[in-house]
Amino acid sequence: MKRLLVGVIVVVLALVVLGAAALLLVDANHFRPQIQASLGKALGREVSIGTLHMSVWTGSLEADEIRIGDDPRFGKQPFVSARSLDLGVKLWPLLVHRELHVTSLTLDKPVVRLLQNRKGDWNFAGLGAGGPESGAGRGAAAPTGLTVDRLRIDDGRIELTRMAGDRKVYDHVQLSADHVGTQAAFPFELKADIAGGGTLALDGKLGPWQAGNAVLTPVDAHLLMHDLNLVGAGLMARDSGVGGVLDLDTQITSAKGVLRSRGRIDARKLQLVASGSPSPQPLRIDYQADYRLDNGTGRIANTVLHAGAAQLSIGGSFDNRPAVMRMDFKVKGQRQPIDDLQPLLPVFGVILPKDSRLAGGTASMDLTVRGPLDALVIHGPVSLDGTRLAGYSLGDKLGGALALAGISAPKDTVIRHAEAMLTISPKGIDADPAKAQIAQLGSFTGKGRMAADGALDFRMLVKLDEGVTGAGQAGQGLAGLLGGSKAGGALGGLIKGMSTNGVGVRVGGTASAPSFKLDPKAAVGLLEAGTRGNSTQPAAKPPADSGKDVLNNLLQNALKPKQPTSGH
């Protein structure tokens, strides 16, 4: 028994030695024309490979380099170029019959050029449409001669250039696919680094391959993207002043040229308006989109932007053909909690006075969002109800006039209702018209704008509540008490006028530090009305500067912030 075992071992070793010797005697380059022709026929492209070497221990063929030609319409540079190619082969057919059966194909450090021309056609669309000599054309039948048990790409690079001229690069590409063929779907995994920031991971099934128009090849896969920098990845212009970082988790399916995706986006440091600032908290978007691969357009539906308990619905269309994607969609929300919407304010360029915040209440909006992703124009009505601007007293900032009127300014600005028709653009924010009802103060109506640098230019008509000034009570309140003298009558008339006719106020400064000034023309008019009182005789028209003098004497720099009083 022992001798038989030794004999078997000797025979096996002899066969191994003979096989190795046979492999050494095989001229690997003898198979190069056959390999080039087989790959060329399968891909529908001209294929050239470098010097072949036989690896005895792995039973594979190794080539110094490989080049796969491009569709002639896209130039003469190769579609794929790789530093080396490793072909796994079946040894027995190779040794006995000199037949080549490829079992695996590995490309080392390949560069893949994906190009789109001005017509919207891709250079990979014609892959698999027959050999180069037959002239690849749309609708050609898929070849059946090539199947590969295992396809690998190690440390590859994908250079993608669209018809708009923008270029994106994906480095350190790792691809693994098994049972690759043209007649059935096969599983694959793809990982890559996105130039400018971010990683990509895609796994699922691809196929059957649609020869002549690969864009129509079905896909069913799961896509993960982490730390996608919108500016670094080229989705937003570097000098636009906007940006953000995204994480994406979505399921994608593609059939008949329509790619459907459904999943979740987590956005960090998102800023959509140059005059704003990045969101201080992450935002979540549950989205659903359809994208037409033939013309680069798509639609968004059943999409919700979450900010805490607040939910804004989003729907519309987008166009991915320009260098920067163009958007056209609606953002709607009714009576959403303002406390949870706080992180969205800087995203859209809304700046509050320093050390203040909106607290409580609800907000409603119906906005249209249009334009390039990095230069959006947002337009529509926005309203606030039952909220307060905590840490900012508008009455206190209005200053001397209210102090003389005996009005006690509340610590916070309590907003019963406010509404404005907003236009938010890279140039700033326009509010036309705008109005607000402020508790213990009155109403504000007018219009204005905040420039991209935060500078304010608003013109408002302020009407104090009659209950605050006492103007609606005959002979009562500060307005009534001051009517006994000429000076008192003038001030009383001003205060009455601030309730009945209103007084013009110009708001300047910046959004973080607004300033308020009386409109002199409006104030002079009110003073004239107060001087006339109930007299039946028309009052003489005062000199040009007399109104301003009365203002200076009576209001003592009214509408300037009051100075803090000493505790002594």
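User: Where is the place of T217?

Analyst: Bear in mind that this is a predicted model. T217 sits in the loop between β12 (199-206) and β13 (219-229).

User: Is T217 buried or exposed?

Analyst: The cut-off for buried is under 20% relative accessible area. T217 comes in at 4%, so it counts as buried.

User: Which residues is T217 in contact with, leaving aside its neighbours within four places in sequence?

Analyst: That list has L206, G207, P208, W209, Q210 and S254. As for its side chain, that reaches the backbone oxygen of A214 at 3.0 Å.

User: Now salt bridges. What's the general idea, and how many salt bridges are there?

Analyst: Side chains of opposite charge can pair when their charged atoms come close. Here the count comes to 25 salt bridges. Take R370 and D328, whose side chains meet at 3.2 Å, N to O. R370 lies in strand β21 (residues 362-372) and D328 in strand β19 (residues 326-337), so this pair ties together parts 42 residues apart in sequence. R370 is partly exposed at 46% relative accessibility, and D328 is partly exposed at 33%.

User: Which residue forms a salt bridge with R449?

Analyst: That's D430, with the closest N and O atoms 3.1 Å apart. The pair links distant parts of the chain, with R449 in strand β25 (residues 442-451) and D430 in strand β24 (residues 428-438), 19 residues apart.

User: And which residues are linked in a network of salt bridges?

Analyst: R157, E159, R167 and D171 are joined that way.

Terms used. Residues numbered from 1 in each chain as written. Predicted model: local features only at pLDDT ≥ 70, side-chain atom pairs only at ≥ 80, totals over all residues. Heavy atoms only, no water. Helix = DSSP H or I, 4+ residues; strand = E, 2+ residues; numbered from the N terminus. Buried < 20%, exposed > 50% of the residue type's maximum accessible area, 1.4 Å probe, protein only. Polar contact = N/O pair within 3.5 Å; in protein donor to acceptor, adjacent residues only side chain to side chain. Contact = heavy atoms within 4.5 Å. Salt bridge = Lys/Arg side-chain N within 4 Å of Asp/Glu carboxyl O.
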